[in-house]
Structures are given as structure tokens and as C-alpha cells.
Amino acid sequence: MSNRPKKTYGAMGALRFWAVVWGMGVAGQLCWNMENQWFNTFVYAKIAGDVNIVTCMVIVSALVTTVSTFVFGTMSDREGKRKKYVSIGYIIWGITTIIFGLTEYVRASLPALSVAFLGFLVVLADAVMSFFGSMGCDCGYNAWLNDHTDDTNKGQVGAALAAMPIFGTVVGTVVGGMLVNAGNPTVGSDAYAPAQDNYQLLFWGMGLFVIAMGLISLFLMKDAPGFSPPGRVRFGSSSPPSSAFPPSAGGGRTRNCCWPAW
């Protein structure tokens, strides 16, 4: 019998760590893929065939995700905590994903509304969803993963991160298409009608999955034990306090709130 100690990652065992890495990572990739793959077709099928709505979604989403990453990334660095941003971000991300899908009922209930107003609602819903998605995944999950990455596991973490986008694209495209087309009697015929596609099944399924992963992370995820918030450096001081540059999980790397360090 081997007496070799079990591998640990911060305050977590190997099984727990990799469950969090893959669970949260796959949920994030699937949700982002859904936005990239299906939001534009949803707008054309359920809201209006106006390319300007999709263009505004792309521009506004890019802006709010950038702001969210800087704001919440800085806050998590200052507080020395990642878990709460990941968990809260994922839960609200899932809720807003469901809310985005409900915009189709606004048009059905109030057909007199202008296309411009409907487009505004869709862009707003997408912006809120992207804001919290960036909070939970981009600057929350990625920063947490960076805290647990060192020279002994960076190859494994890198391989996992490389595989997740491929998995998310394939599964998100295939399964997403199956969910969207479910219940549409015109699928496969010359009279195919996109307006009859079932986007609610896609948004509810993806939203509930992301919410579930956010709730699970409350119990499974743990912050890196060696991560502490930076101290305040006084101008004119000959040497900053030692906490201004907290040690990394790898024993010498500086912190980066958004990207895993290799």
C-alpha cells in the first residue's frame, strides 16, 4: 500500500477540484455558446428581422462585459475572495438567461409596440445577462482557477481549458438545435417556419443548468487559502507592506484577476 499523500489543490481534494473546474467551466462555455449561436436566430424568429438589433447586442454586450470584468475583478482582488463572485454571478446569469427568452412574449402580448422598443428590451436583457455572466465566469471563475494553478498542474489545467470551448461549441450547437426544433412540425419540410421554433426550452434548460451550478459551487468551491487582499501602500514609504504583493498558489506568481497563469 502506497503512503504517498493525496494530491490537494488549495483547500480541496483532487476530485472536488476537478469537479468544480469542469462543472463550472462547461456551464460557462455552454451559456456563452448559446448566446453566440442562438441569440441572433432568436431575434429574427421571435422579435424582428432587423439586423440592427443584433448589431447593437454585440456592441453593448462587449462594452458591459469589459466593464464587469474590470469592476468585479478589481473588487475580488481587493477583498481577497473569488467564490462569492462566481456563485452569485452564475446564479444571476442563469436567471437573466431565462428572462432574456421571455422577451418573445412581450411582442406576442403587445403587438402594437414598435420594433425599436422591442429591440431596446432585447438589447437591455442581453446586456444584463452578459454583465453577470462576465462577473461569474470571466473574472470570477478564471481568477479562482488562476489562484489554484501552479507549476505542478498548469499542464492539466491548460488542457482542460483548451478542451472546454470545443466541447461547448459542439454540444451547444447540436443539443441547442435539438431543443430549439423540438415541437416544430415544419422542421425538415420545405415549409420550415422558424417562428414556430421552441426557444423557451433552450433558455429555460440552459438557465436552470447555470443556476444549479452556481448553487453547487456554494458548497464545493473554496477560495485559495494563501490569497489575501493587497494592503495599502503609502506614498513616500521606503517599503510597501508585505501584503501588498500576496503570494500566489504557485509560491511566487503575482495575481491576475482574469487569466490563468501558465
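This section describes the salt bridges and the aromatic ring pairs of a predicted model.

Across the whole structure, the search returned five salt bridges. One of these joins the side chains of Glu104 and Lys46, with an N to O distance of 3.9 Å. Because Glu104 belongs to helix 4 (residues 103-109) and Lys46 to helix 1 (residues 14-47), this contact ties together parts of the chain that are 58 residues apart in sequence. Both partners fall in the buried class, since the relative accessibility is 13% for Glu104 and 12% for Lys46, values that lie under the 20% cut-off.

A second contact of this kind is formed by the side chains of Lys84 and Glu79, for which the N to O distance is 2.8 Å.

Asp147 and Arg82 are both buried. Through salt bridges with shared partners, moreover, Asp77, Arg82 and Asp147 are joined into one network.

Turning to the aromatic residues, the search of the whole structure gave 16 aromatic pairs. Among them, Phe42 and Phe203 adopt an edge-to-face arrangement, with 5.1 Å from centre to centre and 85 degrees between the planes. Phe42 is buried at 0% relative accessibility, and Phe203 is buried with a relative accessible area of 0%.

The pair made by Tyr141 and Trp144 is classed as stacked, because the ring centres are 6.4 Å apart and the planes meet at 25 degrees, an angle under the 30 degrees that sets the limit for stacking. Both residues are part of helix 5, where Tyr141 and Trp144 are separated by three residues, or about one turn of the helix. Each is buried, Tyr141 having a relative accessible area of 2% and Trp144 one of 0%.

Finally, ring pairs link Phe42 and Phe203 with Phe39, Phe100 and Tyr199 into a cluster.

Conventions:
Residues are numbered from 1 along each chain as its sequence is written. This is a predicted model: local features need pLDDT of at least 70, side-chain atom pairs count only at pLDDT 80 or more; totals for chains, interfaces and linings use all residues. Side-chain values use heavy atoms; hydrogens and water are left out. A salt bridge is a side-chain nitrogen of Lys or Arg within 4 Å of a carboxyl oxygen of Asp or Glu. Helices (H or I, at least four residues) and strands (E, at least two) are DSSP runs, numbered from the N terminus. Buried means under 20% relative accessible area, exposed over 50%, partly exposed in between (1.4 Å probe, protein chains only). Rings of Phe, Tyr and Trp (its six-membered ring) pair if their centres lie within 6.5 Å; planes under 30 degrees apart count as stacked, over 60 as edge-to-face and the rest as tilted.
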